[in-house]
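Colleague: I am new to this structure. Could you show me how to read its features, one at a time?

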Amino acid sequence: MNASGHLSSIIKEKAESLGFASVGFLPVHPLDEREHLGKYFEAGWHADMEWLRKGLEHRLDPSLLFKNARSLVSLAINYFNEEWKPAAPGIHGRMSRYVYGRDYHAVIQSKLKELSLFMEMEGAALAFCYVDDSPILEKKWATLAGIGWRGKNSVVLNSVYGSWLFLAEIITDLELSYTEKEIESRCGECTLCIDLCPTGAIEVPHMVNASKCIAYQTIENDGIVPEEIREDMGNWIYGCDICQEACPENHRAKVTEEPLFLPNEKVLNLTLADILRLDENSFQEVFEGSAIRRGGRKKLQRNACLAAGNLLRNEASAANELLKPLQALVEDEDPILKSHASWALARPF
């Protein structure tokens, strides 16, 4: 084994010891994604995420970010946990599985920092770490590195872990032995993720219209949620896993070995009424260490208003729990919260 092969081998071994499920190595080079992204932006499917369009050249070519960058280490970590049922009685909203555990940004950054220090000990002069926070087309790099293929719902799928993967990258000046081998899609004729999306957000395979996506609306959108999709959002209050739960590749996924990704019972047991009643102090306390803190209390309560409105229409018993906290939010000084609470109360039930 030559020097670059040995270096890649020990980096992979170290990454796996830190809990990364899959590791790949690629030479830093421009990506041939301009046409794909052009169609996405032209269709307006990025909604108001203009930051995706900004710095496009850097997204397409990481070498523009770092003059001496030679290699990109693509990493994936499994976060899957079996669906835990709340122990507390009452009416609950649904959140993406990852939300119930610790904030993955912090958990993974800690692992990346340790890995980058290891790489520096092996001679790296630079090792920049990223986890969902940089102008890097992480899904494309992951598919090129052999970590998985791009599903029709646009997420990366792995034959062992399904799509329950967080992606991360390290850019370095080390010369490594590369694993560039893009995996051919195994989705075949399956369209379950497209067919079961309640808002029809996957308008064409491999592209998601963010303005229709429940995950985008509940996490990224800071303003008014479009009325035309509110009913189809059901009781999702932070993120959405429907297209992942529909995928046959996810039916045999392994449970994560990272305990920090397992559900926090305090978060799991929150009812919708609890969320609607949160003040700022209680919000900060309950969601300490959670990714939900990033969006803030009012966004979560806005989402809970929509879920409450949908449940009021479909479940007669919901009124006993949800009417009073919704009525209180109608008097809130925040116009967005007030309008969404008013919509919920105006639902026929």
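Modeller: Start with the aromatic cluster. This is a predicted model. Tyr79, Phe80, Tyr98, Tyr104, Trp164, Phe166 and Phe261 come together in one aromatic cluster.

Colleague: How many aromatic pairs does the count come to?

Modeller: The count comes to 12 aromatic pairs.

Colleague: How do I read a single pair?

Modeller: Two values describe a pair of aromatic rings: the distance of the centres and the angle of the planes. Take Tyr79 and Tyr98. Their ring centres are 6.2 Å apart and their planes stand at 85°, so this pair is edge-to-face.

Colleague: Where in the chain do Tyr79 and Tyr98 lie?

Modeller: Tyr79 is in the loop between β2 (71–78) and β3 (94–95). Tyr98 is in the loop between β3 and α4 (104–121). The two residues are 19 apart, and the pair links distant parts of the chain.

Colleague: Is Tyr79 buried or exposed?

Modeller: Buried means under 20% relative accessible area. Tyr79 has 5%, so Tyr79 is buried. Tyr98 has 18%, so Tyr98 is buried too.

Colleague: Which aromatic pair do Tyr79 and Trp164 form?

Modeller: An edge-to-face one. The rings of Tyr79 and Trp164 are 5.9 Å apart, centre to centre, with 90° between the planes. Trp164 sits in the loop between β6 (156–157) and β7 (165–172), while Tyr79 is in the loop between β2 and β3, so the pair ties together parts 85 residues apart in sequence. Trp164 is buried, at 1% relative accessibility.

Colleague: What lies over the face of Trp164?

Modeller: Arg97 does, at 5.1 Å from the ring centre.

Colleague: Now the helices. At what angle do α13 and α15 pack?

Modeller: Helix α13 (residues 297–314) and helix α15 (residues 335–345) pack at about 10°. Their axes are 8 Å apart. Angles under 35 degrees count as roughly parallel, so α13 and α15 are roughly parallel to each other.

Colleague: Which residues make the contact?

Modeller: From α13, Lys298, Gln301, Arg302, Cys305, Leu306, Gly309, Asn310 and Leu312. From α15, Ile336, Leu337, His340, Ala341, Trp343 and Ala344. The residues of this contact divide into 8 nonpolar, 4 polar and 2 charged.

How values were computed:
Residues numbered from 1 in each chain as written. Predicted model: local features only at pLDDT ≥ 70, side-chain atom pairs only at ≥ 80, totals over all residues. Heavy atoms only, no water. Axes fitted to C-alpha atoms, helices over the stretch in contact; angles between N-to-C directions. Helix = DSSP H or I, 4+ residues; strand = E, 2+ residues; numbered from the N terminus. Parallel < 35°, antiparallel > 145°, perpendicular 65-115°, else oblique. Contact = heavy atoms within 4.5 Å. Nonpolar A, V, L, I, M, F, W, Y, C, P; charged D, E, K, R; others polar. Phe/Tyr/Trp six-rings, centres within 6.5 Å; stacked < 30°, edge-to-face > 60°. Buried < 20%, exposed > 50% of the residue type's maximum accessible area, 1.4 Å probe, protein only. Lys NZ or Arg CZ within 6 Å of the ring centre and 35° of its normal.
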